[in-house]
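This report goes through a structure part by part. Please look at the sequence and the model first, then read on.

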Amino acid sequence: MSKIRIGIVGCGGITLQNHVPGVAMCHDLGEITALADISEPNLKKVAGLTGATTTSTNYQDIVSRDDIDAIVIATATDTHMEVAREAINHGKHVLCEKPLALNHADAKAVAELAEAKGVVHMTAFTYQFVPAMRYLMHRVQAGAIGTPYHLRSCRLQDWGSRNLGWRQVKKHAGTGELGDMLSHRVNFAHELYGEMKRLVAGLKQFVPDRGGAPSDLDDWSALMVEFANGATGMMESSKLATGRNESWRSQDYLEINGSEGSFVFFTERWNQLQVGKPNGTGLEPITIPQDFWTWPGSPRDPNEGDPLVSFRYDQMFEFLDAIRNQRPAYPSLHHGAKVQCVIDAAVLSSNEKRWVDVRY
Ligand SMILES: NC(=O)c1ccc[n+]([C@@H]2O[C@H](COP(=O)([O-])OP(=O)(O)OC[C@H]3O[C@@H](n4cnc5c(N)ncnc54)[C@H](O)[C@@H]3O)[C@@H](O)[C@H]2O)c1
């Protein structure tokens with residue numbers, strides 16, 4: 001069977017970290033044949049790594065080509081929806097980085113466009129691919145916690161006051177820590193507890209000058225949530241937890257409590273959960289079943305390399321396998337659009353200092 005021909009728009013950090021090795025792992029399914037980036041050096045670097053011979057500093061040259069089947073969008077947030085719209089209108093399947101857009105209306109419209117055009121569409125909520133998170137979702141769907149009471153998440157990193165490039169500029173990123181890191185955890189919350197009913201949010205900026213350049217975005221964000229299922233949620237995310245470092249070994253904690261049990265998840269413990277039972281004496285660690293150590297069908301060997309890095313490559317497998325099998329990909333652009341709705345509600349709540357209904 002012929003390989004899926006992939007064009008990547010945006011040849012920066014995440015393309016190097018996730019998408020290039022992801023496609024390399026799935027070499028039986030697809031190959032990167034075209035690249036676009038406004039930066040010539042970034043374009044050359046990824047062309048050198050992948051052997052892609054079609055390159056352009058204008059993404060339109062890539063998304064309009066007949067010899068491309070799928071587009072990966074890995075630019076700064078403000079360009080995602082424009083590139084996605086063009087790609088979908090040319091009949092391409094799209095995998096788009098998070099957060100999807102600068103506002104919910106754009107994200108929702110593009111998700112609906114993708115659906116109407118019948119292309120495979122996906123949002124890169126990479127942490128859904130942590131094996132323990134998939135197992136947690138499986139247990140919750142099977143009713144393991146009984147009546148849901150609480151959800152709590154805490155993402156703590158130390159980015160200090162360094163320059164974050166486009167990430168510290170509202171017109172490019174939309175929001176700071178909220179869209180950057182909390183967006184993944186909002187998707188966790190949707191997947192575990194369903195839609196949110198209302199929320200109150202705080203966004204705060206502590207570092208207005210990053211590496212000599214102005215920042216107009218939040219370094220810290222927090223949400224207090226009521227879910228439609230009646231549960232409550234507390235979610236916090238910071239770039240300024242001094243000493244916790246920037247990597248995936250920083251704090252990424254999630255806990256859910258229900259009438260029949262509790263589960264605690266840490267990204268760094270990729271194949272473990274802590275479990276609490278009614279009348280128990282405390283949380284007990286469990287190792288998740290080996291069936292969950294990789295995404296269904298993924299060629300990844302979880303015993304090879306650092307599984308805390310390589311789980312990310314299952315994301316590309318999911319995208320390409322969905323295209324190959326003409327089925328919806330997970331998480332879709334609809335998932336991304338719903339998260340965008342929460343982001344918009346959080347910004348409104350923080351600006352107006354009040355509870356806001358979430359209207360998906
Ligand atoms: N899924 C994850 O875990 C994860 C992790 C990091 C970043 N991201 C997301 O990935 C996206 C990119 O982040 P990054 O860290 O790679 O940023 P980056 O700045 O390292 O890379 C972005 C690249 O896009 C290029 N670019 C900008 N505008 C362009 C345009 N109009 N056309 C073509 N190329 C353009 C830049 O030159 C740069 O090479 C963001 O949406 C970010 O939120 C996701």
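Helix 6 (residues 131-141) lies across strand 14 and strand 15, and its direction is at about 165° to that of strand 14. Helices (H or I, at least four residues) and strands (E, at least two) are DSSP runs, numbered from the N terminus. Axes are lines fitted to C-alpha atoms, for helices over the stretch in contact, and angles run from 0 to 180 degrees between N-to-C directions. Contact means that the C-beta atoms of two residues, placed from the backbone, lie within 7 Å.

The model is predicted; local features need pLDDT of at least 70, side-chain atom pairs count only at pLDDT 80 or more, and totals for chains, interfaces and linings use all residues. Residues are numbered from 1 along each chain as its sequence is written.

## The mixed sheet

Strand 14 (residues 261-266) and strand 15 (residues 272-276) run antiparallel and are joined by 3 bridges. One of the paired residues is S262, whose bridge partner in strand 15 is G276. Two strands pair if DSSP finds at least two bridges between them.

An open sheet of 9 strands has the order 16-15-14-13-7-12-11-8-17, and its pairing is mixed. Strand 16 (284-287) and strand 17 (356-357) are at the edges with a single partner strand each, so one side of each has no neighbour in the sheet. Helix 11 (residues 333-352) lies across strand 8 (196-204), strand 11 (220-227) and strand 17, running at about 60° to strand 8.

Another open sheet has 6 strands in the order 3-2-1-4-5-6, with parallel pairing. Its edges are strand 3 (54-56) and strand 6 (121-123); each has a single partner strand, so one side of each is left without a neighbour in the sheet. On average, neighbouring strands of this sheet are turned by 20° against each other, direction ignored.

L95 stands opposite M122 in strand 6. Helix 2 (residues 40-50) packs on this sheet, where it touches strand 2 (30-36) and strand 3, and its direction makes about 160° with that of strand 2. Helix 11 also packs on the sheet, touching strand 5 and strand 6 at about 40° to the direction of strand 6.

## Helix 5 against helix 11

How do the axes of helix 5 and helix 11 cross, and within what distance do they come? They come within 8 Å and cross at roughly 170°. Helix 5 and helix 11 are therefore roughly antiparallel to each other. In these terms, angles under 35 degrees count as roughly parallel, over 145 as roughly antiparallel, 65 to 115 as roughly perpendicular and the rest as oblique.

On helix 5, the contact is made by H104, A107, K108, V110, A111 and A114; on helix 11, by L333, H334, G336, A337, Q340, C341 and D344. By class, this contact has 7 nonpolar, 4 polar and 2 charged residues. Ala, Val, Leu, Ile, Met, Phe, Trp, Tyr, Cys and Pro count as nonpolar, Asp, Glu, Lys and Arg as charged, and the others, Gly among them, as polar.

## Two domains

The domain assignment of the protein chain gives domain 1 (4-126) and domain 2 (127-306 + 339-352). Such bounds come from an automatic or database domain assignment. The C-alpha centres of domain 1 and domain 2 lie 25 Å apart. Domain 1 gives 15 residues to the contact and domain 2 gives 19 residues.

On the side of domain 1 that touches domain 2, helix 4 (77-89) and helix 5 (104-117) each supply at least two residues. That side of domain 1 has 9 nonpolar, 4 polar and 2 charged residues.

## The ligand shell

Which residues are the closest to the ligand? They are G10, G12, G13, I14 and E97, in a shell of 24 residues. A residue is near a molecule if its C-beta atom, placed from the backbone, lies within 6 Å of it.

Helix 1 (13-25) and helix 4 each supply at least two residues of the shell. By class, the shell has 10 nonpolar, 10 polar and 4 charged residues. Domain 1 and domain 2 both give residues to the shell around the ligand, so the ligand lies between them.

## Backbone details

Most residues other than glycine have a negative phi, and most peptide bonds are trans. The peptide bond from K98 to P99 is cis, with omega near -20°, and P99 is found in the loop between strand 5 and helix 5. Y330 and P331 are also joined by a cis peptide bond, with omega about -5°; P331 is in the loop between helix 10 (314-324) and helix 11.

N245, a residue other than glycine, has a positive phi near 65°. N245 lies in the loop between strand 12 (232-238) and strand 13 (251-258).
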